[in-house]
Amino acid sequence: MTYTTELVTDERAFAALSPDWSRLYGSCATATPFQSHPWLHSWWLSYGDPGRLRLVLVRDRGELVAAAPLMRVHRPLPALVPLGGAISDYGDVLLDDERGERAVAALTEGLVAAARTALIDLREVRPGGAAERIYDHWPGPRGRVADSLCLELPALPMPELITRLPLAKTQQRARAKLRKLNALGIQRHVVEPDEVDKALRRLLELHQLQWQGRKVTSEHLRPRFRDHLVRSVGPMVASGDAVVTEFRLDDDVVAVDLTLLSRHLAGGYLYGAHPCLRERKADVAVMLLDASTEYARGTLSLLRGNEPYKHHWRPEPVENRRLLLARRRTAPLLAAALCSVAARRRGKDLVRRWKERDGGGRH
């Protein structure tokens with residue numbers, strides 16, 4: 001086998017990679033939907049800066065066998081970072097599972113060459129991700145620190161998930177909530193690819209409505225985010241990498257859910273729900289979880305965030321990893337990045353302790 005490495009910086013070449021990228025994506029067991037071509041290319045169209053694209057590709061006699069989707073940034077440090085940014089819950093590289101360590105070595109060499117004077121900063125790598133194999137092969141200075149926390153459940157039918165609840169009373173309440181949803185007559189409709197555009201626009205309308213008057217992630221309300229979702233999710237639904245579900249009550253769409261799917265993981269990414277559901281005492285969280293269990297494969301991820309309502313189901317906490325890779329000449333950038341992480345962690349600890357002391361003084 002003869003491996004060749006190339007660095008792609010042209011946006012049109014990125015678009016043309018779709019068939020090759022999709023084949024590689026399907027050959028990488030650890031890939032998540034955030035590494036699919038529709039998601040990454042659409043993200044670049046909405047969020048990318050011209051001239052900063054850096055795709056490191058490895059081919060075997062023309063066949064794409066490894067890829068690292070990156071972009072160059074200059075702040076806070078010169079770095080190559082994953083495409084997908086803050087709206088993607090997992091970042092990773094792609095490696096064909098059947099190609100072995102030679103493909104890993106070739107992609108590592110390509111990354112060493114692409115880095116030049118920049119740090120490689122791989123954020124939100126799920127434990128066991130393909131990027132960890134690159135980390136193990138990296139010939140220069142490196143560092144690994146904790147990144148975001150994700151909460152995960154086993155892919156079980158809803159009746160079995162209910163048995164995970166700690167008390168018989170809470171299990172009874174969950175079953176009562178399911179009966180309430182059935183009594184209300186809420187119907188599910190799985191959206192076809194040609195219906196995705198309309199359904200996602202309704203999702204975002206409902207999302208804005210449900211958060212009206214409360215703190216909301218502002219990016220979810222911006223046109224560039226809407227354009228990204230509409231552009232990416234249609235092809236992902238067609239390929240089985242996403243499912244959009246409408247919840248209808250009296251012929252009105254009162255909720256829409258977007259769940260992203262991969263070979264071993266399903267994750268509820270975003271939803272919108274009309275306030276009338278709460279007024280009717282419908283438990284939206286139970287409704288969405290019940291729908292997600294229909295598609296879960298291996299793991300049902302609640303994705304990033306440590307919100308209290310997620311702990312109701314006793315999920316397993318799983319920390320993503322941040323992998324920092326440097327060349328010898330860029331070792332000072334690695335040291336600066338690690339110092340910044342440590343300083344932020346100390347700052348958060350100080351704020352937490354201050355809040356605990358302040359709260360204790362009031363009671």
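Modeller: Rings of Phe, Tyr and Trp (its six-membered ring) pair if their centres lie within 6.5 Å; planes under 30 degrees apart count as stacked, over 60 as edge-to-face and the rest as tilted. The structure here is a predicted model, in which local features need pLDDT of at least 70 and side-chain atom pairs count only at pLDDT 80 or more, while totals for chains, interfaces and linings use all residues. Residues are numbered from 1 along each chain as its sequence is written, and side-chain values use heavy atoms, with hydrogens and water left out.

Biologist: How many aromatic pairs does the structure hold?

Modeller: The structure holds six aromatic pairs. One of them joins F34 and W39 in an edge-to-face arrangement, with 5.2 Å centre to centre and 85° between the planes.

Biologist: Are F34 and W39 buried or exposed?

Modeller: Buried means under 20% relative accessible area, exposed over 50%, and partly exposed in between (1.4 Å probe, protein chains only). F34 counts as buried because its relative accessibility is 3%. W39 is buried as well, with a relative accessible area of 0%.

Biologist: Which geometry does the pair of F34 and Y90 have?

Modeller: F34 and Y90 are edge-to-face, at 6.2 Å centre to centre and 65° between the planes. This pair links distant parts of the chain, 56 residues apart: F34 is in the loop between helix 2 (18–26) and helix 3 (37–47), and Y90 is in the loop between strand 4 (79–82) and strand 5 (94–95). Helices (H or I, at least four residues) and strands (E, at least two) are DSSP runs, numbered from the N terminus. Y90 has 3% relative accessibility, so Y90 counts as buried. One aromatic cluster is formed by F34, W39, Y90 and Y269.

Biologist: Which charged end sits over the ring of Y90?

Modeller: A charge sits over a ring if NZ of Lys or CZ of Arg is within 6 Å of the ring centre and within 35 degrees of the ring normal. For Y90 the charged end is that of R126, 6.0 Å from the ring centre. R214 has its charged end over the ring of W211, 4.4 Å from the centre.

Biologist: What is the volume of the largest pocket, and which residues are closest to its centre?

Modeller: On a 1 Å grid over the protein atoms alone, a pocket is an open set of points with protein on both sides within 12 Å along at least five of seven lines, and lining residues have an atom within 4 Å of a point. Grid points are joined across faces, edges and corners, and a volume is the space filled by probe spheres set on the points. The largest pocket has a volume of about 1,300 Å³. Its lining has 41 residues, and Y269, Y271, E307, Y309 and K310 are the closest to the centre. Helix 11 supplies the largest share of that lining, six residues.

Biologist: How does the lining of the largest pocket divide by class?

Modeller: Ala, Val, Leu, Ile, Met, Phe, Trp, Tyr, Cys and Pro count as nonpolar, Asp, Glu, Lys and Arg as charged, and the others, Gly among them, as polar. The lining of the largest pocket has 20 nonpolar, ten polar and eleven charged residues. The second largest pocket has a volume of about 620 Å³, and its lining has 14 nonpolar, five polar and seven charged residues.

Conventions:
On a 1 Å grid over the protein atoms alone, a cavity is a set of points where a 1.4 Å probe fits but cannot get out, and a pocket is an open set with protein on both sides within 12 Å along at least five of seven lines; lining residues have an atom within 4 Å of a point.
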